[in-house]
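Please keep the view open while you read.

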Amino acid sequence: IPGQPTPTLVSLEELQQIIVFDFVVAGSEDEAALFMVGDPPKEGVALDSAIQGALDSFEGESTVEKQHVITDKPYPMARLEVLSVDAETGKTGRQLVYVFIIDDRAWSLTYVAPSERFEQLLPLFEKSAASFELTG
């Protein structure tokens with residue numbers, strides 16, 4: 001049922017006691033989606049390895065179209081635009097990816113859209129990314 005928790009054999013609380021993970025996904029009917037993934041903490045993790053980890057998570061072919069380091073944040077951060085071809089469907093898509101490191105933990109925030117809608121959705125993606133606040 002949309003909007004309702006999915007029953008599982010093991011509760012989320014039990015899983016969090018044995019596995020360090022964070023994953024959030026949201027999607028829409030027009031195939032646009034948002035993924036936020038936190039990797040397990042790794043002492044001394046570098047931005048370049050965090051970027052490569054985010055890119056390795058894409059299934060199918062992918063090409064980085066744009067990439068730059070963001071220097072006005074109190075933590076290492078990069079912004080990428082990626083063109084990809086889905087391994088299962090063969091559809092082309094584009095992603096806006098933010099990669100950042102906080103307390104030895106790499107995070108990726110990825111916005112996905114069909115290629116033909118990406119430029120139209122890009123301002124919305126950027127506004128959403130700018131609204132993220134780190135707490136705790």
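1. Is Glu 65 buried, partly exposed or exposed? Glu 65 is partly exposed, with a relative accessible area of 41%. On this scale, buried means under 20% relative accessible area, exposed means over 50%, and partly exposed lies in between (1.4 Å probe, protein chains only).

2. A word on the model before going further. This is a predicted model, in which local features need pLDDT of at least 70 and side-chain atom pairs count only at pLDDT 80 or more, while totals for chains, interfaces and linings use all residues. Residues are numbered from 1 along each chain as its sequence is written, and side-chain values use heavy atoms, with hydrogens and water left out.

3. Back to Glu 65: its side chain meets that of Arg 94 in a salt bridge, at 3.1 Å from N to O. The term stands for a side-chain nitrogen of Lys or Arg within 4 Å of a carboxyl oxygen of Asp or Glu. The pair links distant parts of the chain, with Arg 94 in strand S5 (residues 92–102) and Glu 65 in strand S3 (residues 61–70), 29 residues apart. Helices (H or I, at least four residues) and strands (E, at least two) are DSSP runs, numbered from the N terminus. Arg 94 is buried, at 12% relative accessible area.

4. Arg 94 also forms a salt bridge with Glu 119, the closest N and O atoms being 3.0 Å apart. Here too the link is between distant parts of the chain: Glu 119 sits in helix H3 and Arg 94 in strand S5, 25 residues apart. Salt bridges that share partners join Glu 65, Arg 79, Glu 81, Arg 94, Glu 119 and Glu 126 into one network.

5. Look next at Arg 79 and Glu 126, a salt bridge whose closest N and O atoms are 2.5 Å apart. Arg 79 lies in strand S4 (residues 77–85) and Glu 126 in helix H3 (residues 115–130), so this pair ties together parts 47 residues apart in sequence. Arg 79 is buried, with 11% relative accessible area, whereas Glu 126 is partly exposed at 24%.
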